[in-house]
Amino acid sequence: MESERAAEPVSIVYVLPNFRAGGAERVLMTLIRKLDRKRFAGELVVFSAEGPFADMIPPEIPVADLQASRLRGAFSVLLGLIRRRKPAVVFATHSYVSLALLAARPFLPAVTRIVVREPNTPSKSLPDMSHGRLLHLGYRLLLRRADLVICLNSSAEDEMLKIYGVPRARLVRLPNPVAMQPLRAAAEPLFRDAGAGLRLVAAGRLTHAKGFDRLLRAMASLSADTRLTLYGDGPEADALKALAQSLGLGVKVRFAGFERQLAPALAGADAVILPSRWEGMPNIVLESLACGTPVISTPEAGGVIDLAQELPETALKLVSSEAELSAAMTAVAQDGHTALRPSLLPTQYEEDEVSKAYALALARV
């Protein structure tokens, strides 16, 4: 088996709903770009080839656009494609897509293995998701069918074992990759809002999961010269802007919309804030630390608990309430930096190291 794999690349079909600007999409793009194509021959299948990350795909990677807006419209076509291609591996990184593939496993080629990347901590994410109870039941019934389940943090790994019955031999914990050198190169010149006072940055899709309402309420008690720039767009945009207005935050908060290249803003901030209700392993935390910027985060943000054990509190501080968040932001040091600071991120999160770990995991399947 190993000699055959050494002679011929492992064929992989990666499945994504679309190219929207999300963490799962960014991670998959990195893996497609970094995995050795002499060992892993990948094809990307998307339900709809729309979204700002569409141009991140290397030109040599084939892309199949199923031209469907939802799983319901794409799934029969996806199954047909997999049956024709007979790949060694199908790789999914969205929960509902993973469950659909696992449910359809009897209809997939016998040679095809299913690799699932769990993007969140299920006990945190499922209760607040649409059809959360149904997804929980699907996890209990189907996840053990996967040939490999990739978790992003120790809490998710523990739940896979104890709640969902995934065998230990089929579990692996792998961090998200960070392109350290390109990120730091892109961070200069730094961007920082003019004027005196604390300068904070937050970024992500404007959804309930990200908890930006928590951050806005915590901002109300900070000094008048504090400035928060919130990058991102999403379904909660109008509600968050209305909340900021009702709190009288005025110029203290700027909604900057989606920004493809955040590195200059991350590097220029005094701190980056992550008030999430749930996450798997937030890329914004890793990228901020790589830019030398300390982070204040809620512990619900998945892998930050594991990461905090590797870092001093001055680099990553965990807070469990809006009052603690306000106090932590108030205590942030303002050093007036104008140059890129040394990275705070451990080297095992660098994309080359993570890609090697993924290659080892995929070779086990």
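**Salt bridges and a parallel sheet**

Let me start at Lys162, which counts as exposed, with a relative accessibility of 67%. Before I go on, please keep in mind that this is a predicted model. What does the side chain of Lys162 meet in a salt bridge? Its partner is Asp158, at 3.3 Å from N to O. Asp158 is partly exposed, at a relative accessible area of 33%. Both residues sit in helix H7, which covers residues 154-162, and because they are four residues apart there, about one helical turn separates them.

So that is a local pair.

In one of them, Lys34 pairs with Asp352, and the closest N and O atoms are 2.6 Å apart. Lys34 is partly exposed, with a relative accessible area of 28%. Asp352 counts as partly exposed too, at 34%. There is also a network here: salt bridges with shared partners join Arg33, Lys34, Glu351 and Asp352.

The other is Asp55 with Arg260, where the closest N and O atoms are 2.8 Å apart. Where do these two lie? Asp55 is in the loop between strand S2 (40-46) and strand S3 (63-65), while Arg260 is in the loop between strand S10 (253-257) and helix H11 (263-268); the pair therefore ties together parts that are 205 residues apart in sequence. Asp55 is exposed, with a relative accessible area of 58%, whereas Arg260 counts as partly exposed at 37%.

Let's turn to the sheet. Seven strands make up an open sheet with parallel pairing, and the order is S3-S2-S1-S4-S5-S6-S7. Which strands are at the edges? They are S3 and S7, each of which pairs on one side only. On average, neighbouring strands of this sheet are turned by 20° against each other, if you ignore direction.

I'd like to zoom in on strand S6, residues 148-151. Leu148 and Ile150 point one way from S6, Val149 and Cys151 point the other way, and all are buried. On one side, S6 runs parallel to strand S5 (residues 113-117), with three bridges joining them. Val116 has Val149 as its bridge partner in S6. S6 also pairs with strand S7 (residues 171-173), again in the parallel sense and over three bridges. In that pairing, Cys151 stands opposite Arg173.

And that brings us back to H7, the helix with Asp158 and Lys162. Together, S6, H7 and S7 make a right-handed β-α-β unit. H7 lies across S6 and S7, and runs at about 170° to S7.

That's my tour, from one exposed lysine, Lys162, to the β-α-β unit that includes its helix, H7.

Notes:
Residues numbered from 1 in each chain as written. Predicted model: local features only at pLDDT ≥ 70, side-chain atom pairs only at ≥ 80, totals over all residues. Heavy atoms only, no water. Salt bridge = Lys/Arg side-chain N within 4 Å of Asp/Glu carboxyl O. Buried < 20%, exposed > 50% of the residue type's maximum accessible area, 1.4 Å probe, protein only. Pairing = 2+ DSSP bridges. Right-handed = clockwise from strand over helix to strand, strands pointing away. Axes fitted to C-alpha atoms, helices over the stretch in contact; angles between N-to-C directions. Contact = heavy atoms within 4.5 Å.
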